[in-house]
Amino acid sequence: MDLALSLGRRGLGTTWPNPAVGCVIVRAGHVVGRGWTAPSGRPHAETQALAQAGEAAKGADVFVTLEPCAHHGQTPPCAQALIDAGVARVVVAVGDSDGRVAGRGLAMLRDAGIEVVTGPGEAQARADNIGFFSRVEQGRPMVTLKLASSFDGRIATATGESKWITQAPARRLVHAMRSRHDAVMVGGGTVRADDPSLDVRDLGVARQPARVVVSRHLDIPLGGKLAQTATKIPLILCHGADAPAELVQVWKGLGAVLLPCAVRGGQLDMGDVLHQLGAHGLTRVFSEGGSAIAASLLKLDLVDFLVGFTAGMVIGAEGVAGIGAMGLGRLTQAPRFNLAETQAVGPDVMHTWVRNRV
């Protein structure tokens, strides 16, 4: 199961809207087949492992990180494929809470006389696919909020200069983090200020994450990098119903996907933004700013992981804060996170925090 879990993690960020699953087939103590969910979500892990195993799958043990699907989608059910292959035992790390599966895959296997074992590796399997479970169970993707700041929590000087607060090793690690998410999300202010490409560079990735821009009025540059690459790398624009109709049509013509979202307090409602992204199929979102989006996500308790990169630099109170106003009057109102990891990344420090679910 450990091998199956490691294989499944290879698909993180590339398989949406499907989960990233790993599968290992063992016969007489030897691995005869292995697979993981392919980019774009298919073929599924079980299908690839069975194809590799061939006739050796008959009477074999199968280790899979998520309950095999039981429904006909764009491909036949994986549970049926395992039955047809004549496997003897299927060990499943965690059940699939998708209403189309939800125990039906396990039932199909048992009804066919196949021994089914559940539970080994469950905690790790659920952690690996937290984004998939979040979308299925809560209707929204998992959110990682990343912030690169000075020692005193500033992301730019008073004049807006921000390149570069952290050094090259930290920036390279951020690209690796982007690659493990379905999408990179920023606000319109970040796009206007920086004209970012929001892609993964110099890592040789097979599939680029989608780019998400949250902009109520779609007032972002039509001649910028995102517009120029909208047909090459998915670009999703979340906007308000009051965005100019002509801009909606222009961006559609450039190849962007337009998602109208609700407005709250004069800004796009980030809760609705995430639900719209979940309905679009996204499971893992990497939010990189700006400060208003970060504050809204935190205030609404929508951040699952905080990742901070802190540089040994002090900018001062006149610098730009990384988190916008949250209107908190008491410490008890502040969202709390639990420290998961701290490590040096070149001359900078990375600290990762997990949402306090108590």
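## Basis and overall build

The model is predicted, so local features are described where pLDDT is at least 70 and side-chain atom pairs count only at pLDDT 80 or more, whereas totals for chains, interfaces and linings use all residues. Residues are numbered from 1 along each chain as its sequence is written, and side-chain values use heavy atoms, with hydrogens and water left out.

The secondary structure of the protein comprises 12 helices and 18 strands, where helices (H or I, at least four residues) and strands (E, at least two) are DSSP runs numbered from the N terminus. The radius of gyration, taken over C-alpha atoms, is 22 Å, close to the 21 Å that the globule rule gives for 358 residues, so the protein is as compact as a globular protein of that length; the rule is 2.2 Å times the number of residues to the power 0.38. The C-alpha trace spans about 70 × 45 × 40 Å along its principal axes.

Of the 358 residues, 48% count as buried, a class that means under 20% relative accessible area, with exposed being over 50% and partly exposed in between (1.4 Å probe, protein chains only). The protein exposes about 16100 Å², of which carbon and sulfur atoms supply 53%, areas being computed by the Shrake-Rupley method with a 1.4 Å probe. Among contacts (heavy atoms within 4.5 Å) between residues at least 6 apart in sequence, 71% join residues at least 24 apart.

Five strands make an open sheet of mixed pairing in the order 2-1-3-4-5, two strands being paired if DSSP finds at least two bridges between them. Strand 2 (30–36) and strand 5 (115–118) are the edges, each with a single partner strand, so one side of each is left without a neighbour in the sheet. Neighbouring strands are turned by 15 degrees against each other on average, direction ignored.

Six bridges join strand 1 (residues 22–27) to strand 2 in the antiparallel sense, and Val26 stands opposite Val31 in strand 2. Helix 1 (residues 2–9) lies across strand 1, strand 2 and strand 3 (61–66), running at about 145 degrees to strand 1; axes are lines fitted to C-alpha atoms, for helices over the stretch in contact, and angles run from 0 to 180 degrees between N-to-C directions.

Strand 10 (residues 235–240) runs parallel to strand 11 and is joined to it by five bridges, with Leu258 as the bridge partner of Leu237.

## Nonpolar cores

A nonpolar core is a set of buried Ala, Val, Leu, Ile, Met, Phe, Trp, Tyr and Cys residues joined through side-chain atoms within 4.5 Å. The largest one has 34 residues, of which Ile25, Val87 and Val90 touch the most other members. Strand 4 gives the largest share of this core, five residues. Beyond its neighbours within four places in sequence, Ile25 is in contact with residues including Val31, Leu50 and Val62. Apart from this core lies another, of 28 residues, among them Leu145, Leu277, Ala295 and Phe337.
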